[in-house]
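The structure is shown first, and the comments follow.

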Amino acid sequence: MMRPADEPPADIAIVGGGASGVLLAALLVRQGGLRIVLIERGDQPALGVAYSTRCRGHLLNVRASDMSALADEPDHFVNWLARDGGGLGRDDFAPRADYGRYLQDLLAESMQRSEGCLQVVRGEVVALRERAEAVEIDLDGNHPLRARKVVLATGHRPPSVDTGAYHGNPWREDAIEALVPDASILLIGTSLTMIDVLVSLMERGHTGPIVALSRRGLVPRFHPPAPIPSPDVDTRDLFAGSLSQRASRFRSKVRNGLGWAGLMQVLRPHNNELWHGLDLDQRRRFLRHLRPWWDIHRHRVAPHIGEIVEDAKVRGQLSILAAKIEIGRTTDRKVDVTIVRRGSATREQYSFDRVIDCRGPRNEVDERLPLHAQMAEDGLLRADPLGQGLDVSENEALIGRNGKASRHLYVLGPPTRGRYTEIVAIPDIRLQAAEVAGHLVAQLRQSSGLAGGHAA
């Protein structure tokens, strides 16, 4: 229900009702006494891009034991699985659709716990206007809202736009709809999004050829069947020195028997410390030269998913290319492309029944979006120095064109990837959400008080 214009502002409005927004809302409700509005433009709050899938073959990339939405309740998801997970346990990789149900249950429980203080509003935010004591929130087709603090938890955007048989949004079900079983398919990108589309195609019984390409042709590795113990190794030398020196020490540890999986597991809690220890030039070099190799080992898939990829390669249905691509003539039935393989100057011409952009989500500033356009024009946001997302301060406050951090606007989750780079997985987002929640509550307590009363 919309609030009348003369009603006091909410304490906190969260723009985006996907996983990031729901995690933050749940934490804020547990503080007690806060009036919270969760704004979601879609029909199914809590799911977002990752957990709206209906494909049972899309599995989490992290074992259930590390997927609790609440950092201070590490078995929260495992306990939910025991009740509603169909026999899955803490060491399993649950279907993402099940995790979506878990988040929906968390939202429902939070709404009940809040006793009316948490409201979900449907609509798309098209403008945010920062005033002295509150933010005015314009919703497309709805009455405006006001809130003392606003958190942008807008999640992911698709890689590109759809044109005929070229599908720029790989997460929409129609990306693989209306295909004959032997259709030829080109997947642009060879990372996790490509694997999702491949799994969906295999689940539907697709038999036609599938080509996946990226500049280096690197594909994510997969987890071992059982958890491995964290090795006892000194990694302090990886946190100092030039990027080349750190990379050399990293490779030495891998070659000396530690292995990628073990080293990644040791470094997992310290990834942001590693990132913040690099200067801007080192970060640029990492993104340009090292990020693809880091990602395929850092963002591994479940063992069963790895088997699906390998089986498709072995039987010759899936081909992985290291190449560049140019999109040519596009119709509703065909897409003509030019492929130049890595290390070659030969331009190869092909025609595919379907091309799907699997290069992964976008989070950068995009002034084609009404909200970004308005906020950029008003000087409320700017891109981070690497162009990865929105520029934010150490406490996630949005930094405007003048270089100053906002007192009212904050950012959570993937749009902060320029500051954190590793901020797409639940284990990372839940920690950031806890920090943002704590900061917001402290700020509200220091100001004029809480709209809904005092925090418990």
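1. Helix α7 (residues 280–298) has 19 residues, yet its end C-alpha atoms are only 22 Å apart, short of the 27 Å that a straight helix would reach at 1.5 Å a residue. The expected span is 1.5 Å times one less than the number of residues; helices are DSSP runs (H or I, at least four residues), numbered from the N terminus.

2. This is a predicted model, in which local features need pLDDT of at least 70 and side-chain atom pairs count only at pLDDT 80 or more, while totals for chains, interfaces and linings use all residues. Residues are numbered from 1 along each chain as its sequence is written, and side-chain values use heavy atoms, with hydrogens and water left out.

3. Where does the kink in α7 lie? A kink of about 70 degrees is found at Leu290, shortly before the proline Pro292. The bend at a residue is the angle between axes fitted to the seven residues ending there and the seven starting there.

4. Several residues of α7 are buried, including Phe286, Arg291 and Trp294; buried means under 20% relative accessible area (1.4 Å probe, protein chains only). The buried residues of α7 pack against α5 (243–267), α6 (271–276), α10 (417–420) and α11 (426–446).

5. Asp98 belongs to helix α3 (residues 96–114) and is buried, at 3% relative accessibility. Leaving aside neighbours within four places in sequence, Asp98 is in contact (heavy atoms within 4.5 Å) with Arg56, Trp80 and Leu88.

6. The whole structure holds zero disulfides, a disulfide being a pair of cysteine sulfur atoms within 2.5 Å. For Cys358, the nearest cysteine sulfur, that of Cys55, is 13 Å away.

Key: Helix = DSSP H or I, 4+ residues; strand = E, 2+ residues; numbered from the N terminus. Buried < 20%, exposed > 50% of the residue type's maximum accessible area, 1.4 Å probe, protein only.
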